[in-house]
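Please keep the sequence and the model side by side while reading this note. The points below go from the charged pairs to the core, and then to the chain as a whole.

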Amino acid sequence: MKLKKTLQDLMKVVIEEANRNPEFAKELETALGLEPKPEKEEKGRSAHRRAAAILDPISLAREGEDALRTKLEPLTLDQLRDIVAEYGMDPGKLVMKWKTPDRVIDRIVDYSVARAKKGEAFLR
């Protein structure tokens, strides 16, 4: 029982010092591996989410397939993947694995043109 009392007294002193001295508290957290988690850069977004798409492919598809392709060609593979992710153009989870931008551009164009034309039959 003497060990239990000694440990309780020790912890009481450590806790009181940590409450009084923020530097001691920080060193204690570091020593115990309890460093605070870094804050997220964007509130509400998970650390594993992709960046926002830099253009709207569906509105560009309404202007024409060529206009859309012209805007997509200078983009990097990551920027193209951001568009695919934001607009839900990868239901089979395959596009994110593709390595060639041309292939991803084809997918974006196909989906965008289809969505841009969706509902046209009811407008006539």
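1. Salt bridges. The count of salt bridges comes to six, where a salt bridge is a side-chain nitrogen of Lys or Arg within 4 Å of a carboxyl oxygen of Asp or Glu. Side chains of opposite charge can pair when their charged atoms come close. The model is a predicted one, in which local features need pLDDT of at least 70 and side-chain atom pairs count only at pLDDT 80 or more, while totals for chains, interfaces and linings use all residues. Residues are numbered from 1 along each chain as its sequence is written, and side-chain values use heavy atoms, with hydrogens and water left out.

2. A pair within α1. E17 and R20 form a salt bridge, with their closest N and O atoms 3.0 Å apart. Both residues lie in helix α1 (residues 2-20), three residues apart, which is about one turn of the helix. Helices are DSSP runs of H or I with at least four residues, strands are runs of E with at least two, and both are numbered from the N terminus. E17 has a relative accessible area of 26%, so it is partly exposed, whereas R20, at 59%, counts as exposed. The cut-offs are these: buried means under 20% relative accessible area, exposed means over 50%, and partly exposed is in between, using a 1.4 Å probe and protein chains only.

3. A pair across the chain. Which parts of the chain does the salt bridge between R50 and D82 link? Its N to O distance is 2.8 Å. R50 is in the loop between α2 and α3 and D82 is in helix α5, 32 residues apart, so the pair links distant parts of the chain. D82 is buried because its relative accessible area is 11%, while R50, at 29%, is partly exposed.

4. E65 and R69 meet through their side chains in a salt bridge of 3.4 Å, N to O. Both are in helix α4, four residues apart, again about one turn of the helix. E65 is partly exposed, with a relative accessible area of 40%, and R69 is also partly exposed, at 24%.

5. The nonpolar core. A nonpolar core is a set of buried Ala, Val, Leu, Ile, Met, Phe, Trp, Tyr and Cys residues joined through side-chain atoms within 4.5 Å. The largest one here has 21 residues, and those with the most contacts inside it are L72, L80, I83, V104 and I108. Two or more residues come from each of α3 (57-63), α4 (65-72), α5 (77-86) and α6. α6 gives the most, with six residues. In soluble globular proteins, nonpolar side chains tend to be buried together.

6. I108 and S112. Leaving aside neighbours within four places in sequence, I108 is in contact (heavy atoms within 4.5 Å) with P57, L68, L72, L80, I83, V84 and M89. S112 is found in helix α6 (residues 101-117). Is S112 buried or exposed? S112 counts as buried because its relative accessibility is 0%.

7. Helix α2. This helix (residues 22-31) is hardly covered, with one buried residue among its ten. N21 caps its N-terminal end, with a side-chain oxygen 3.1 Å from the backbone nitrogen of E23. After α2 comes G33, whose phi is positive, near 75°.

8. The whole chain. The protein has six helices and zero strands. Of its 124 residues, 23% count as buried. Among contacts between residues at least 6 apart in sequence, 52% join residues at least 24 apart.

9. Confidence. pLDDT is the predictor's confidence in each residue, from 0 to 100. Its mean over the protein is 86, and 88% of the residues reach 70 or more. Confidence is lowest in α2, at a mean of 85, and highest in α5, at 94.

How values were computed: A polar contact is a pair of N or O atoms within 3.5 Å; within protein, one must be able to donate a hydrogen and the other to accept it, and residues adjacent in sequence count only if both atoms are side-chain atoms.
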